[in-house]
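Subject: Structure for your review

Dear colleague,

Please find the structure below, together with the sequence.

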Amino acid sequence: MSEKIATRVAYGKTLAELGEQYPNLVVLDADLSGSTQSQFFAKAFPERFYNMGIAEANMTGVAAGLATCGKQAFTNTFAMFATGRAYEQVRNSVAYPRLNVKIVGSHGGLSVGEDGATHQCIEDYALMRTIPNMMVVSPCDGPEMRLAVKALLDYDGPAYLRLGRLAVDSITDEIPGYTFQLGKGSLLRDGTDVTVIATGMMVQMAYAAAQTLAEEGISVRVIDMHTIKPLDGEIVLKAALETRCIVTSEEHTILNGLGSAVAEFVSEHCPVPVVRHGVNDEFGRSGAAKAVLEAYGLTPQGIIEKVRQALKLKK
Amino acid sequence: MEQSKLHALAVTAAHARVLAMDMVHDAASGHIGGSLSAMEIVTLLYNGVMRVNPAAPRDPDRDRFVLSKGHCTPALYPILALKGYFPVENLKLFRSIKGDLSGHAEMNCVKGVDMSTGSLGQGISAAVGMALAGKADKKDYRVYTLLGDGEIEEGQVWEAAMSAAKYHLDNLCAIVDVNGLQIDGATADVMPSEPLDKKFEAFNWNVIHVDGHDFNALEEAFAAAAACKDKPTVLLAKTIKGKGVSFMEGDYGWHGKAPNDEQYEKAHAELVAALAELEGK
């Protein structure tokens, strides 16, 4: 494993680095720039940075207005407020008119830790995925985040990008043949017995789980599904056909996120067991990030248990 | 204002009222009350105040209009049609699955519409974004947005108001159509919002009271708004909901209801008579 960096930091630095190259880029924040890491852009391009105060609904609408005038706007706040508080502004002012606004939600998932349930957004994929025209992207590590930011800058349309708070191991830069393309899952490890499709920081855990299971002689394919919508049906279908069972893993409620998207696709195209790993329809709680993740089973061990369940269902 | 210009504006507004009533009757749905109250405001914006060209509806240098009270398309669409953005004939398919004229304002299907709106409180934020872009790009276009006095109960309006003042958006002019009524009754009963002038002043806006049916007064108010530097302006336009139709005026029941055939005949006759009188027929 190489560099350990939070995806939010990789995001913030990349945005600032690319600011020069994208003169129409404008960045908005709702009084959290030190946390969302839009601070790097703010410092480099103060004339293109707007601090909109603690008013996420307005920030989202202002971004839409800027986009109608040819700007590409990135809004920044916590995932909870970006997709929850301002849900309807995202739907009606951004996605419906199909404006070039990127909704960036930092501190996604339970790994927010100590702040507790009110700030642990585990519904963002679900909320954003149900809106027509929306793309939903959730990179797993710093190197992938850098590629995602660049790709989103080149994508003309509405999208949601989730960032994580915790520093995470970088793995994608060490996978031979790894490439990043919006809407295309990345195969990180081939396998024949079962496929684990993961997103965000669960990708690293899925990779670790696959290594552990290999020692038992179980061959696990690992797919990094950084783009949850549009879902890469091709790679999912191939996994269903070749490994005949699938586990999904996400730092998100198991309702209507990656697991649901995969299950919907598989049930319609190639029904095989799909076992969802994530948060079981309950709120998070305060605690150190690692402790919270463990309490909710968001660990490599948690994935291994789901893999065993899937293998049983397959038989 | 010259008499000939005043007369032309009055004719346009009267004609648009006839078209609005036809649209809502044909569609058997739509928001007639607040459209009739805003008709002079929208008429003047597109015929004398705003720098727009129907042949170049996406000209980056044009003035913008955001119908924040997005349900009042029966005011906006007829004015756009009469201005030449699309054929008047298209109004017949208002709210129809066969046409493109959606119930609430839609920017991708309806030529001349600058922002999709409908969910109250959101349009003014988009207008702030447009005004910010104008400042950033050092363009001299102006941005206008029309809100309802019920709409301003939405918290987002005040978030937007704060941000417009922060960025000194003197290229932004909001108009509140103060007709005093909303769906469930009088705004004073549903959710008292007065004093609106003191509220906007406290948010660091330039506030102008104006009779929303008086073209001369409106023209002066828009000129004063354009002359005001460093802060956004709001026109508090006093209007009558349902203006122009005797039995609709001041009755909140006509907020979002279409007239039946009998009511339509009566309303249509009144509006056509008003137009004919202006045209000297």
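Two strands are taken to pair if DSSP finds at least two bridges between them. Strands (E, at least two residues) and helices (H or I, at least four) are DSSP runs, numbered from the N terminus. By that criterion, strand β6 (residues 135-137) of chain A pairs with β12(A) in the antiparallel sense over 2 bridges, and Val136(A) stands opposite Lys229(A) in β12(A).

Please note that this is a predicted model, in which local features need pLDDT of at least 70 and side-chain atom pairs count only at pLDDT 80 or more, while totals for chains, interfaces and linings use all residues. Residues are numbered from 1 along each chain as its sequence is written, and chains are lettered from A and ligands numbered from 1 in the order in which they are written.

Sheets of chain A

An open sheet of 7 strands in chain A has the order β3-β2-β4-β5-β7-β6-β12, with mixed pairing. Its edges are β3 (49-51) and β12 (227-229) of chain A; each has a single partner strand, so one side of each is left without a neighbour in the sheet. From one strand to the next, the twist averages 20°. Axes here are lines fitted to C-alpha atoms, for helices over the stretch in contact, and angles run from 0 to 180 degrees between N-to-C directions.

An open sheet of 5 strands, also with mixed pairing, has the order β9-β11-β10-β13-β14 in chain A. Here β9 (186-189) and β14 (274-279) of chain A stand at the edges. Neighbouring strands of this sheet are turned by 25° against each other on average, direction ignored. Within it, β10 (residues 194-198) and β11 (residues 220-224) of chain A run parallel and are joined by 5 bridges, with Ile197(A) opposite Ile223(A) in β11(A). Helix α9 (residues 202-215) of chain A packs on the sheet, touching β9, β10, β11 and β13 (246-253) of chain A, and its direction makes about 170° with that of β11(A). Contact between two residues requires that their C-beta atoms, placed from the backbone, lie within 7 Å. Helix α11 (residues 258-269) of chain A lies across β10, β13 and β14 of chain A, at about 145° to β13(A).

Domains of chain A

The domain assignment gives domain 1 (4-169) and domain 2 (179-314) of chain A; such bounds come from an automatic or database domain assignment. Taken over C-alpha atoms, the centres of the two domains are separated by 24 Å. In all, 31 residues of domain 1 of chain A are in contact with 34 residues of domain 2 of chain A.

Strand β2 (residues 143-148) of chain B has 6 of its 6 residues buried, so it is largely enclosed by the rest of the structure. A residue is buried if 20 or more other C-beta atoms, placed from the backbone, lie within 10 Å of its own. β2(B) pairs in the parallel sense with strand β1 (residues 64-67) of chain B over 4 bridges, and 6 bridges join β2(B) to β3 (residues 172-178) of chain B, which also run parallel. Tyr144(B) is the bridge partner of Phe65(B) and of Cys173(B) in β3(B).

The contact between the chains takes 23 residues from chain A and 22 residues from chain B. The largest share of the side of chain A that touches chain B, 9 residues, comes from α4(A).

Yours sincerely

Notes
Buried ≥ 20, exposed ≤ 12 C-beta atoms within 10 Å, placed from the backbone.
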